[in-house]
Amino acid sequence: MIGDAGEHLLAAQIIHYYGFPCRLTNIDIGIDMEIELVDQNYKSTGEIIKAQVKTKTAEEFEVTVKSGHIKYWNSFNLPAVIFLVHLEQGNIYWHALDKSENYNLSKRNVKIAFDPKNKVGRKNKNEFIRIVHHKNERLLFSLYEWVDETLRNDELILEDEGTDLTIFEQLVYKYYKVCFLINEADKLIESTPALAWVKKKYSSKLINFGYYSHNIKERIEECKIDHGPEIFDQLNETNNNWSINDPLN
């Protein structure tokens with residue numbers, strides 16, 4: 001009965017504060033509810049959050065779950081969230097599962113701690129929505145960090161004179177990879193505008209990309225002059241047309 005009360009209170013608050021439809025599951029195999037995100041016009045964004053609800057009568061900020069359940073939740077391509085309902089106080093908190101976090105799954109049971117800042121409420125709507133973008137946020141952070149590090153390292157190399165072919169080959173490959181990653185980031189942000197803040201965060205670090213690109217192109221022309229125009233085509237063929245398949249490989 002307490003568990004049912006917690007689930008219905010969560011559904012009521014999600015609808016009241018965020019306007020998101022909630023669907024309670026009839027069969028509990030580790031998921032109690034699905035939350036569907038909608039935009040300002042109440043049209044579905046196609047984004048779903050899988051929810052497990054833990055209800056307590058005491059105001060505690062830790063719950064115990066079976067490690068098997070965490071493995072099950074992590075198997076989803078959709079984000080999974082554990083909600084902690086303080087039934088008597090009427091407060092609800094969330095913990096978004098992170099596949100990269102070490103939950104010590106070798107143990108039978110795992111304790112999950114909740115941050116009191118992650119409280120269901122009107123002021124936290126944007127933070128709640130970010131749950132569905134967490135995976136892509138991490139991808140963008142990794143992508144931009146690699147680009148930033150490459151720009152800083154290669155700009156130092158570009159300051160040196162000469163066009164050693166081994167160094168040149170590495171520079172050009174990384175240049176194409178940087179271009180590819182920036183393009184992939186732009187496409188991801190275009191498809192999910194809510195992630196634009198990540199690009200803005202790194203904008204000051206990417207400001208030198210134009211200068212970096214100009215220097216690489218100059219070095220390519222120098223290499224063609226020093227070693228003949230066919231050298232670039234040969235290196236291009238050797239490097240499989242400088243193709244990039246994995247953004248973070």
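Buried, on this tour, means under 20% relative accessible area, exposed means over 50%, and partly exposed is anything in between, with a 1.4 Å probe and protein chains only. Helices (H or I, at least four residues) and strands (E, at least two) are DSSP runs, numbered from the N terminus.

Two notes before we start. The model is predicted: local features need pLDDT of at least 70, and side-chain atom pairs count only at pLDDT 80 or more, while totals for chains, interfaces and linings use all residues. Residues are numbered from 1 along each chain as its sequence is written, and side-chain values use heavy atoms, with hydrogens and water left out.

**Stop 1: helix 5**

Select residues 165-191, which make up helix 5 with its 27 residues. From its first C-alpha to its last, helix 5 reaches 39 Å, close to the 39 Å expected at 1.5 Å a residue; the expected span is 1.5 Å times one less than the number of residues. Now colour the buried residues of helix 5, among them Phe 168, Leu 171, Tyr 175, Lys 177, Leu 181 and Ile 189.

**Stop 2: helix 1**

Next, select residues 2-18 for helix 1, where 17 residues reach 24 Å from the first C-alpha to the last, close to the expected 24 Å. Which residues of helix 1 are buried? They are Gly 6, Glu 7, Leu 10, Ala 11, Gln 13, Ile 14 and Tyr 18. Look down the axis of helix 1: these buried residues fall within an arc of 165 degrees, so they line one face of the helix. The arc is that of the directions from the helix axis to the C-beta atoms. His 8 and His 16, on the other side of helix 1, are exposed.

**Stop 3: helix 7**

Move on to residues 209-227, helix 7, whose 19 residues reach 27 Å from first C-alpha to last, close to the expected 27 Å. Its buried residues are Tyr 212, Ser 213, Asn 215, Ile 216, Arg 219, Ile 220 and Cys 223. Seen down the axis, the buried residues of helix 7 lie within an arc of 160 degrees, so they line one face of the helix. Turn to the other side of helix 7 to find Tyr 211 and Ile 225 exposed. Just after helix 7, check Gly 228, which takes a positive phi of about 100 degrees.

**Stop 4: a backbone angle at Tyr 42**

Most residues other than glycine have a negative phi, and most peptide bonds are trans. Select Tyr 42, where phi is near 65 degrees, a positive value in a residue other than glycine. Tyr 42 sits in the loop between strand 2 (33-38) and strand 3, and at 64% relative accessibility Tyr 42 counts as exposed.

**Stop 5: aromatic pairs**

Show the rings of Phe, Tyr and Trp (its six-membered ring): they pair if their centres lie within 6.5 Å, and planes under 30 degrees apart count as stacked, over 60 as edge-to-face and the rest as tilted. How many aromatic pairs does a search of the whole structure find? It finds 13. In one of them, the rings of Phe 61 and Tyr 93 have centres 5.0 Å apart and planes at 65 degrees, so the pair is edge-to-face. That pair links distant parts of the chain, with Phe 61 in the loop between strand 3 and strand 4 (62-66) and Tyr 93 in strand 6, 32 residues apart. Phe 61 is partly exposed at 28% relative accessibility, whereas Tyr 93 is buried at 5%.

Then select Tyr 72 and Phe 76, whose ring centres are 4.9 Å apart with planes at 70 degrees, so this pair is edge-to-face. Tyr 72 counts as partly exposed at 29%, and Phe 76 as buried at 15%. Finally, show Tyr 18, Phe 20, Phe 83, Trp 94 and Phe 128 together, as they form one aromatic cluster.

**Stop 6: Glu 137**

Is Glu 137 buried or exposed? Glu 137 lies in helix 4 and counts as buried, at 5% relative accessibility.
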